[in-house]
Amino acid sequence: MASSRLKYLSLGVLVFQTTSLVLIMRYSRTLQAEGPRYLASSAVVVAEVMKIVICLMLVFKDHSYSVRAFNSVLRQEIVYKPMETLKLAIPSGIYTLQNNLLYVALSNLDAATYQLTYQLKILTTALFSVLMLRRRLGIYQWLSLLILMTGVALVQWPSESSVVAEKASTSTGSQFVGVMAVLVACCSSGFAGVYFEKILKESKQSVWIRNIQLGMFCLVFSFVGMLSFDGDKVMELGMFQGYNAVTCTVVTLQALGGLVIAAVIKYADNILKGFATSLSIIVSTLISYFWLQDFDPTSIFFLGAALVIGATFLYGYEGKKPANPSRA
């Protein structure tokens, strides 16, 4: 009973985190407020700091709140194993790129279109799993990937209303830029995720230690990126320019995202995770339409959305195995 409660609690938290992050991030990037808008590069840096702090707290908890054991494990697993730590440099750089691209995407796409298009990460993750982990996909999984590509193509199908709206106003950004940002983010997410999984399977270090190592490099890369692209703005108005309650909420949700996914992987299965993802897409679509009012769905969009949701379920489906007579 306790395990079942944790399973559905983790899925509920995932739905809330995924939906609220996308909607609030979209709202924060389109909000017309006085003064400068917050820097996306700065938000990525702060989120990485929060991730590291949270993971350090979890490691501290795992060692019964012993300062001596905490310091010992950090030295042994991070300081004394520099090559193991350096393995995380590649995925951390890619994750940093991905996190910045998500801000670009939601600055140019409505929440519903973003959510559906971003499901292409299932395709890229599957392909990189086959190439890097020698994983075999079943017939249902290959079929789901085909349906997924078809669904995303229909979601991006241009309509007369979207063309008119884009010509009438350029303040909402460019859909092409948003779509390209999502596509690159999907590729980076697939590669980095599989690479990170490969490292986790080849070592005995805890996932929290690995996340600390990952966060250290991400922090360095994101800080360098902030100074490179927004250095002048940071020097002029500071790193935290434009921050408000909405910005802090976005950063916090982004920092907690990885931890929520880790909990879902531990307590739930792929089918329930797909259900949570589908529910998140539906909620994002409804709120984006009725509250943010930043897109006008068409019948083709709904058809594409249905295909994407169906593909998400189908990818996690496993055919029923024949019963073992000896255990009947």
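A residue is called buried under 20% relative accessible area, exposed over 50% and partly exposed in between, with a 1.4 Å probe and protein chains only. This is a predicted model, in which local features need pLDDT of at least 70 and side-chain atom pairs count only at pLDDT 80 or more, while totals for chains, interfaces and linings use all residues. Residues are numbered from 1 along each chain as its sequence is written, and side-chain values use heavy atoms, with hydrogens and water left out.

A pair of aromatic rings is described by the distance of the centres and the angle of the planes. Rings of Phe, Tyr and Trp (its six-membered ring) are taken as a pair if their centres lie within 6.5 Å, and planes under 30 degrees apart count as stacked, those over 60 as edge-to-face and the rest as tilted. The structure contains 9 such aromatic pairs. In one of them, the ring centres of tyrosine 38 and tyrosine 103 are 6.3 Å apart and the planes stand at 80°, so the pair is edge-to-face. It links distant parts of the chain, since tyrosine 38 belongs to the loop between helix H1 (2-30) and helix H2 (40-62), whereas tyrosine 103 belongs to helix H5 (residues 89-108), 65 residues apart; helices here are DSSP runs (H or I, at least four residues), numbered from the N terminus. Tyrosine 38 and tyrosine 103 are both buried, and together with Phe240 and Tyr243 they form one aromatic cluster. Arginine 29 lies over the face of tyrosine 38, at 4.8 Å from the ring centre, where the criterion for a charge over a ring is that NZ of Lys or CZ of Arg is within 6 Å of the ring centre and within 35 degrees of the ring normal.

Which nonpolar residues form a patch on the surface? They are Val104, Phe176, Val177, Met180 and Leu183, with about 410 Å² of accessible area together, an area that comes from the Shrake-Rupley method with a 1.4 Å probe. Patches are made of residues with over 30% relative accessible area and no salt bridge, like charges being joined within 9 Å and nonpolar side chains (Val, Leu, Ile, Met, Phe, Trp, Tyr) within 5 Å. Helix H10 (residues 175-202) gives the largest share of the patch, 4 residues, and phenylalanine 176, which has its place in helix H10, counts as exposed at 59% relative accessibility.

The backbone also deserves a look. Most residues other than glycine have a negative phi, and most peptide bonds are trans. Arginine 134, although not a glycine, has a positive phi of about 55°; this residue is found in the loop between helix H7 (121-132) and helix H8 (139-155) and is exposed, with a relative accessible area of 68%.

Side chains of opposite charge can pair when their charged atoms come close. With a salt bridge taken as a side-chain nitrogen of Lys or Arg within 4 Å of a carboxyl oxygen of Asp or Glu, the whole structure holds 5 salt bridges. Glutamate 84 meets lysine 87 in one of them, at 3.2 Å from N to O, and glutamate 84 also forms a salt bridge with arginine 210, the closest N and O atoms being 2.6 Å apart. The latter pair links distant parts of the chain, with arginine 210 in helix H11 (residues 207-237) and glutamate 84 in helix H4 (residues 82-86), 126 residues apart. Arginine 210 is buried, with a relative accessible area of 0%, whereas glutamate 84 counts as partly exposed at 22%. Through shared partners, salt bridges join Glu84, Lys87 and Arg210 into one network.

How values were computed:
Helices (H or I, at least four residues) and strands (E, at least two) are DSSP runs, numbered from the N terminus.
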